[in-house]
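Please open the model in your viewer and keep the selection panel at hand.

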Amino acid sequence: MTFVDDLGRVVIPKEIRRTMRIREGDPLEIYTTPDGEVIFKKYSPMGEIRNYAGQYADVLAKMCAVPAIICDNDHVIAAAGISKKELLERRITPALEQAMEARKCLHGPEASRLQPVEGVDKNALSFCPILVNGDVSGCVALLSPGPDTAPTEIQQKLTQAAAAFLSRQLEE
């Protein structure tokens, strides 16, 4: 049971915060239902550019000839070149979260050790975080078609360009 204090604040229990990956300072959206339920949802600025992200993932997958995903800080929001049903709205792995927080692009052997999506047996080929005003808002990743596959220079540059483009979209 949760209570509202005299300032109108609600404490979200620690186990729920841990499960939902809610950290101190994370923005939340609050909704109500006609039944009187209050729903808290983690806010993602990437959700505002979901259509751009989907289109960009399609183009990126076609240009690079490998699957492409675009994620916010918690989930896959766009995928192309692979079953969208398999990937959309899936959680990202803690390893991908750590790579995003490092704020640097990874390619080839560094990226190939990274499995970006929980429950999906695909490793990264190339990865680049999406930075907005110095904060990590998500990432763009190309998925490896097989073990020991090295990304081409063009694939690396296209991953970086996608992250830069989506960053600009979020800044506007």
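Here is the tour, with something to select at each stop.

This is a predicted model, in which local features need pLDDT of at least 70 and side-chain atom pairs count only at pLDDT 80 or more, while totals for chains, interfaces and linings use all residues. Residues are numbered from 1 along each chain as its sequence is written, and side-chain values use heavy atoms, with hydrogens and water left out.

**Aromatic rings**

Two aromatic pairs turn up in a search of the whole structure; rings of Phe, Tyr and Trp (its six-membered ring) pair if their centres lie within 6.5 Å, and planes under 30 degrees apart count as stacked, over 60 as edge-to-face and the rest as tilted. Select Tyr52 and Phe165, whose rings are edge-to-face, at 6.3 Å centre to centre with 80° between the planes. Tyr52 sits in helix α2 (residues 50–64) and Phe165 in helix α6 (residues 153–171), 113 residues apart; helices (H or I, at least four residues) and strands (E, at least two) are DSSP runs, numbered from the N terminus. Phe165 has 31% relative accessibility and counts as partly exposed, a class between buried (under 20% relative accessible area) and exposed (over 50%), with a 1.4 Å probe and protein chains only.

Ring pairs link Tyr52, Tyr56 and Phe165 into a cluster.

**Nonpolar cores**

Now select Leu60, Ile70, Ala78, Ile130, Val140, Leu142 and Leu166, which have the most contacts inside the largest nonpolar core, a set of 22 residues; such a core consists of buried Ala, Val, Leu, Ile, Met, Phe, Trp, Tyr and Cys residues joined through side-chain atoms within 4.5 Å. At least two residues of this core come from each of α2, β3 (68–71), β4 (76–80), β6 (124–132), β7 (135–143) and α6, and α2 gives the most, with five residues. Another core, of 21 residues, lies apart from it and has among its members Val76, Ile92, Leu106 and Val136.

Finally, which residues line the largest cavity? Select Arg23, Asn73, Glu97, Met100 and Glu101 to see its lining. A cavity is a set of points, on a 1 Å grid over the protein atoms alone, where a 1.4 Å probe fits but cannot get out, and lining residues have an atom within 4 Å of a point. The largest cavity holds about 40 Å³ of space, a volume being the space filled by probe spheres set on the points.

Note on methods: 1 Å grid on protein atoms, 1.4 Å probe; cavity = no way out; pocket = protein on both sides within 12 Å on 5 of 7 lines; lining within 4 Å.
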